[in-house]
Amino acid sequence: RSKPAGAVPAYQEGFIAFGSSSNGSVWTVVDADGTSNRHVVAPRIGRKIYAFRYSPDGRDIAVLAEGQLWAMAADTSNARKLADDAWSGPAWTPDGSSIVFGGSNAIKTVPLDGSRPPSAMFADDGCTDSAPQVTQRGFVFFHRTCDQGAASTLAVYRPGDAAPSDVSTHSLATVSPDGSRMLWLEQGSVINVASVGVFGTDAYQVEAPGRGAVAFDATGDVVIADRVESYCCNRSTFTAYSYRLSKIADYPHAATRTLAIGELGYDAPPIDVAQWVRGPSNLPVHPVVERIGGVDRVDTAVRASQWAYDDPTRPGRHATTAVLARSDTFPDALTGTALAIQAGGPLLLTPTGALDPAVGAELRRALAPGSTVYLLGGTAALGPAVADAVARLGFTPVRLGGADRYGTAAIVASAISGGHPKSVLLATGTAFPDALTAGVAAGQERYSVHNSGRAAGGVVLLTDGGVMPAATRAYLDGLSRVPGGTSVYAVGGPAARALDSAFPQWPGATKLVGVDRFDTAARVATSALFGRGVPGRSAVAGVATGLNFPDALAGGTLVGDQGGPLLLADAGGLTSPEQSAILTGRFTDVVVFGGPAAVSGPILTGIGNTAFGPNAWVAFVNRVAPPHL
C-alpha cells in the first residue's frame, strides 16, 4: 500500500475508514483513491463497538465499546482498556499522545499509554458535555447542555482557557480539521456548511447523493456515507439498498464533483462512522523555520496570503474575505488584523491612489467571486479608485472608515462584534507596535460568537497616547452599560494610563505592560488570550521586525489565523522575554515575516536555534499553502 514519496499531493495520502455501529467489531478501510478495500476485525473485547477513531498518524485506534474506552495498534494488536466511563467520542490530541472522550457528563482525556487515569479537561461548571471533536490546533469542540429544558450548544475549549465558550446553536455540527468550518445535516440528505466564529453566518447548502454519516476529510472536502436505492427483479415488489462512501467538493464555488470511493453492496448496514485518516507522510518530520518575504511590503503581504490560503477552486484552506490597508502609513490599518483573522482572510497592502496590480491578482487567486473586501479608512487612506478596482474584479467593497484613526477603530470593532465583544484590547494609536500584537491576540476570540445576546469576538480600540479619544470613550461607555461582562486589556503603558484616567472604576482590567514594545509583545503572547502560553497551544509563532509596521501587519494576521502569537524582533533579534515565550510555547513552526533587510539571516538562525536547538530544524522560503498547517 506504500506509495513513492511525492507521487501524489500530501493531502491525498492516508486512507479512509468507515463502518456501522451495528456491525459490532468490523469496519472497512480503503486507500484515499478508493482502492484496496479491506476489512478490519477488532479483537474480542467482550462488548459491542459503537465508534472508532484512528490517531493522527494512523498507527493507533481508539475504540468506544459500551461505556468503555479501548486503545490498540492499527493492526489491532496490544488492545488495552483505558476508561470505564466513556460514552461519546473518541477523539485524539494532535500529537497522538492522548485520547479525548465524553464520560460522566464531562470531557475527559487519558494518555494513550495509560500512564495516568482519565481526568477532566476543565473544571466542572454544572453543564453536561459530550461528543468531543479535536482540531489540528488542539481545540476541543463538543456538545453542551447547561440548563434543563434549554437549547444545547456547540462549545469549544482551547487548552489554557479558563472555561469553554459557546460557538453555535448547531450543537451536533461536525467541525473541519482546521476548526474554521462546520457542517450539519437537514432531512438526512442536505448538508449545511458554515464558517465557525464571529463571521460564521455564511451558511450554504450542498446536495448530497444520499443519506448517511458525513465528515470533513483532511482537505476540507466532505466525505459522506450515502444510501443508494436499488431495485431487483421487479420494481414494485423488491427494493434493496447499498451503501457507499463518496467525496464531495463542498465549497460552493468549486466545480461540482462526487467521487464514489467505497461500495459495500446490497443490504449492507448503514454507515454511521466515517474518518479520513492522514498517513504518517503528512506529518512534519522536523520543526520548521521559514521566511515569508517579498521585494517590498506589498509583495510580502501577497506572499503571506499565498502561504495561508489555497486557490478557492481546489481543496485546502479557503479565504472567505480580504482586508485592504494603506501601504505607506499605519493609523487606519492598526485594527485590521483583528478583523482579518475573525473574518477569515488575508490583510493586503496597496497604495492610496490605486489598487496595486499584484494585490488585484492575489484577490482573484484567493477569493471566490462576490466575496467581501474590506477597505480600512476613508478616501484619504484608500481612494475611490481602489474601491472601484475591487468592484471591477467582481468583489464587494465595504469601506470601514471614521473621521480619524480612533473613529475607524471603533467602526471596525462594530463590524466585528457590534457593541458586544468578548474582549477589548486598548493600544496607543500614535505608534504601531502595541496595536499590532494586540490585534493578533484579539483575533483569538474568533470562536466566541453571538448567541442569545452573549458577548462575541475580540476588538482593538486606540488611545491617543495616554489620552482617551472621544470615539474610543463612546464605545467603552456603551460596554459599561451592557451586562454580561467584557474583558478589557490595556496593551502597553500609554493605553494603561489612558484607561486609568478615563475609567478608573473599570473592574478587572488586565494590564499587559512591558518595559518596552518587545517585552509587551512577550506579555501578550503569554496572556490568557493565548491560553497563558500553555505549551503546544498553537503550532505556529510569528516574528516580524518591531521597527516598522508593514510586515507585522500582514504577517500577524496570518499567524494569528493559525492561533499563534506575534513577537517583535529588534536590531539584534528576539529579546530575552520573547526568547522565553518562544522556547516554552513548544511550537513546531516559526514564521519570520519580511526579507533579510527586515530580519537578517543570522537573526533568523538565532530564532530557530532558540526555538528548536542548533541543527534541529529545517528552513523554507516563501512556501505556498503548506499542507500540515
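1. A319 is a buried residue, with a relative accessible area of 6%, where buried means under 20% relative accessible area, exposed over 50% and partly exposed in between, with a 1.4 Å probe and protein chains only. This comes from a predicted model, in which local features need pLDDT of at least 70 and side-chain atom pairs count only at pLDDT 80 or more, while totals for chains, interfaces and linings use all residues. Residues are numbered from 1 along each chain as its sequence is written, and side-chain values use heavy atoms, with hydrogens and water left out.

2. A319 is found in the loop between α1 and β26; helices (H or I, at least four residues) and strands (E, at least two) are DSSP runs, numbered from the N terminus. Leaving aside residues up to four places away in sequence, A319 touches Y309, G344, G345, P346, A366 and L367, a contact being heavy atoms within 4.5 Å. A319 and A308 lie 11 residues apart in sequence, and their C-alpha atoms are 8.5 Å apart in space.

3. Helix α3 (residues 357–366) has V359, G360, E362, L363 and A366 as its buried residues. Seen down the axis of α3, these residues fall within an arc of 160°, so they line one face of the helix; the arc is that of the directions from the helix axis to the C-beta atoms. They pack against α1 (297–308), β26 (321–326), β27 (347–350), β28 (372–376) and α4 (384–392).

4. Which residues have the most contacts inside the largest nonpolar core? They are L324, L339, L363, V424, L425, L426 and L476, in a core of 94 residues; a nonpolar core is a set of buried Ala, Val, Leu, Ile, Met, Phe, Trp, Tyr and Cys residues joined through side-chain atoms within 4.5 Å. Apart from it lies another core, of 18 residues, among them L567, I582, I603 and W617. In soluble globular proteins, nonpolar side chains tend to be buried together.

5. An open sheet is formed by 4 strands in the order β8-β9-β10-β11, with antiparallel pairing; two strands pair if DSSP finds at least two bridges between them. Its edge strands, β8 (88–92) and β11 (119–120), each pair on one side only. Within the sheet, 6 bridges join β9 (residues 98–103) to β10 (residues 106–111), and V100 has T109 in β10 as its bridge partner.

6. Strands β12 (residues 128–134) and β13 (residues 140–145) run antiparallel and are joined by 5 bridges, with S130 opposite H143 in β13. The two strands form a hairpin with 5 residues between them, and G138 in the turn has a positive phi of about 90°.

7. F139 and Y447 form an edge-to-face aromatic pair, 5.7 Å centre to centre with 90° between the planes; rings of Phe, Tyr and Trp (its six-membered ring) pair if their centres lie within 6.5 Å, and planes under 30 degrees apart count as stacked, over 60 as edge-to-face and the rest as tilted. F139 lies in the loop between β12 and β13 and Y447 in the loop between α6 (433–442) and β31 (458–463), so the pair ties together parts that are 308 residues apart in sequence. F139 is buried at a relative accessible area of 2%, and Y447 is buried at 3%.
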